[in-house]
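Reader: Please show the structure, so that the terms applied to it can be discussed against their definitions.

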Amino acid sequence: MTTPSPTTARSWLREHSELGVCVLLLVLGVLVLTDALTMDVDITQRGPVGPRTVPVVVGTGLLVVAVLLAVDVLRGGRGEAEGGEDVDLAEPADRRTVALLTGVFLAFAVLIDPLGFPISGALLFWGSAYALGSRHYDRDPLIAAGLSLVTYFVFDNLLGVPLPGGPLMGVL
């Protein structure tokens with residue numbers, strides 16, 4: 001029996017790239033189920049449906065979809081591009097945009113505690129707009145600040161979901 005050459009293995013993986021999605025769904029399903037089954041629910045349990053029910057259903061669904069998708073891909077199934085999709089697969093990925101968006105999201109995660117949501121959210125919205133190509137330097141920061149303040153107000157005051165206010169806690 002001959003071992004496949006690296007180019008053959010690489011081309012097989014490229015033709016079956018959807019298996020990466022299967023692995024991701026499988027890992028997420030295991031993570032959700034593990035978290036759901038190890039949570040302590042004695043205090044919060046009231047009635048037959050408790051806090052474990054939805055995570056167990058979602059985790060099980062993720063595992064089932066991962067297995068069904070893997071079977072379909074290995075049988076030769078392939079996702080079809082949408083008719084309106086204008087993506088040229090021959091072009092390389094726009095790594096600069098992905099790197100900028102990753103940096104913006106990581107900065108938001110780091111800055112939300114010290115600066116609070118209104119400021120870090122404004123930086124998130126403005127940075128995302130910049131990374132995606134908007135170059136309106138006078139308008140974008142104002143829209144980002146307004147969107148961040150409206151989001152903070154809706155979540156904190158109307159929905160009752162507390163978001164960190166940071167230095168603006170006394171002002172807002």
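Reader: Leaving aside neighbours within four places in sequence, with which residues is Ile 112 in contact?

Author: Ile 112 is in contact with Phe 117, Ser 120 and Pro 164; contact means heavy atoms within 4.5 Å. The model is predicted, so local features need pLDDT of at least 70 and side-chain atom pairs pLDDT of 80 or more, while totals for chains, interfaces and linings use all residues. Residues are numbered from 1 along each chain as its sequence is written, and side-chain values use heavy atoms, without hydrogens and water.

Reader: Why is Leu 158 called exposed?

Author: Its relative accessible area is 59%, and exposed means over 50%, buried under 20% and partly exposed in between (1.4 Å probe, protein chains only). Leu 158 therefore counts as exposed.

Reader: Why does Arg 139 count as partly exposed?

Author: Arg 139 has 42% relative accessibility, which falls in the range between buried and exposed, so the residue is partly exposed.

Reader: What makes the pair Arg 139 and His 136 a polar contact?

Author: The side chains are joined at 3.2 Å, and the definition asks for N or O atoms within 3.5 Å, one able to donate a hydrogen and the other to accept it; residues adjacent in sequence count only if both atoms are side-chain atoms.

Reader: Which residues make up the largest nonpolar core?

Author: The seven are Val 104, Phe 108, Ile 112, Phe 117, Leu 124, Tyr 152 and Leu 163. Such a core is a set of buried Ala, Val, Leu, Ile, Met, Phe, Trp, Tyr and Cys residues joined through side-chain atoms within 4.5 Å.
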